[in-house]
Amino acid sequence: MFARKNGLSCPWSLKQALSYFGFIVYGLSYNLVIVTKTQTDYQTMRTIIFNFLCFLSISSHIVTSLIDPGDPLLYKGKSINHTEGVYLRCAICNSAINLFSRHCVTCNKCVYKYDHHCQWVNNCIGSKNYKSFFVLIITCTLMSALITSSSITATFITFSNEQNSNAEDEQGYASFVIFLGIFSLLGVIYFGYIATFHSMMLLKGVTTYEYVCRKRAMNNHKIIPRIVIDKESFSMHTDMAGISFGN
């Protein structure tokens, strides 16, 4: 099995294709449908903000997919100087790797500071692309919230307008806007949960993978190791004992 270079390498995942389809639907629905019925004093500013968020979402999605999160040591080969730090070796990659790297089965390579594998960008999330991933989930949350609020406004204006020239067209428009609002509300809940979770992980200073491993270990009543590193040595401690390695 070949090692995936980045998220844009084939084959694409279904969720990745759906994400681009969602961006297109969101963009067209807001600019061609929602705007036509919400010509309020704040609509111009709302449209500018929405398109800015949409641009950031698409850009951060592409950047997160395009960046190769692989461990830098995978590409150094025999030029690695083992006196510069503490390294491990991956039997699958057949290469030295950094201490906090993990092998991803889907991408078939080790990722430095592995967080998780995201099907939406078809790529692993590591130290190299975590910032762009965080921007992605924040902007998607805000964009979904803006569409939800605009859909509510458009629905209210449609039903409050007593001078409807075509009742059937207005009913069809209202049905679409209501569906879009409900779908966007689900997006707010979904992306909001992910954004909140990763914000908590950033505050705690742990990755998603570390959090999952710790949770599983606690559920299984196992000892959780803590690794401490300085320039000349590293040590592994548990609640009961510890071991140290130095130059």
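The legends below describe several views of a predicted model.

**Notes for every view.** Residues are numbered from 1 along each chain as its sequence is written, and side-chain values use heavy atoms, with hydrogens and water left out. Because this is a predicted model, local features need pLDDT of at least 70 and side-chain atom pairs count only at pLDDT 80 or more, whereas totals for chains, interfaces and linings use all residues.

View 1. Helices (H or I, at least four residues) and strands (E, at least two) are DSSP runs, numbered from the N terminus. Read along the sequence, these elements follow the pattern α-α-β-β-β-β-β-β-α-α-α-β-β-β. Of the 247 residues of the protein, 39% count as buried, where buried means under 20% relative accessible area, exposed means over 50%, and partly exposed lies in between (1.4 Å probe, protein chains only). The accessible surface comes to about 15100 Å², of which 65% belongs to carbon and sulfur atoms; such areas come from the Shrake-Rupley method with a 1.4 Å probe, and for residues only the protein chains shown count as cover.

**View 2. Helix 2 covers residues 43–66.** An α-helix has 3.6 residues a turn, so residues three or four places apart point the same way. The UniProt record, in an unreviewed entry, places the feature "transmembrane region" at residues 17–36, 48–67, 133–160 and 172–195; UniProt positions are given in the numbering used here, feature names are shortened, and annotations may be inferred rather than shown by experiment. Over residues 48–67 the chain is 95% helix and 0% strand, with end C-alpha atoms 28 Å apart, while over residues 17–36 the chain is 100% helix and 0% strand, with end C-alpha atoms 28 Å apart.

**View 3. The largest nonpolar core has 27 residues.** A nonpolar core is a set of buried Ala, Val, Leu, Ile, Met, Phe, Trp, Tyr and Cys residues joined through side-chain atoms within 4.5 Å. The residues with the most contacts inside this core are Tyr-30, Phe-50, Met-143 and Ile-147. Helix 1 (14–37), helix 2, helix 3 and helix 4 (167–204) each supply at least two of its residues, and helix 3 gives the most, with 9 residues. Leaving aside neighbours within four places in sequence, Tyr-30 is in contact (heavy atoms within 4.5 Å) with residues including Gln-43, Thr-47, Phe-50 and Ile-147.

**View 4. Ser-151 and Ile-157 are two residues of helix 3.** Ser-151 is buried, with a relative accessible area of 2%, and, apart from neighbours within four places in sequence, Ser-151 is in contact with Ile-34, Val-177, Leu-180 and Gly-181. Ile-157 is partly exposed, at a relative accessible area of 27%. The C-alpha atoms of Ile-157 and Ala-174 are separated by 9.7 Å, although these residues are 17 residues apart along the chain.

**View 5. A second, separate core of 5 residues includes Cys-104, Cys-107, Val-111 and Cys-124.** A disulfide is taken as a pair of cysteine sulfur atoms within 2.5 Å, and by this rule the count comes to 0 disulfides. Cys-107 is in no disulfide, and the nearest cysteine sulfur, that of Cys-124, is 3.6 Å away. Cys-107 is buried, with a relative accessible area of 0%.

**View 6. Asn-108 and Asn-122 each have a positive phi of about 60° although neither is a glycine.** Most residues other than glycine have a negative phi, and most peptide bonds are trans. Asn-108 lies in the loop between strand 3 (101–104) and strand 4 (109–112), and is buried at a relative accessible area of 17%. Asn-122 lies in the loop between strand 5 (116–118) and strand 6 (123–125), and counts as buried at 3% relative accessibility.

**View 7. The peptide bond from Cys-10 to Pro-11 is cis, with omega near 0°.** Pro-11 lies in the segment before helix 1.

How values were computed. The expected span of a helix is 1.5 Å times one less than its number of residues.
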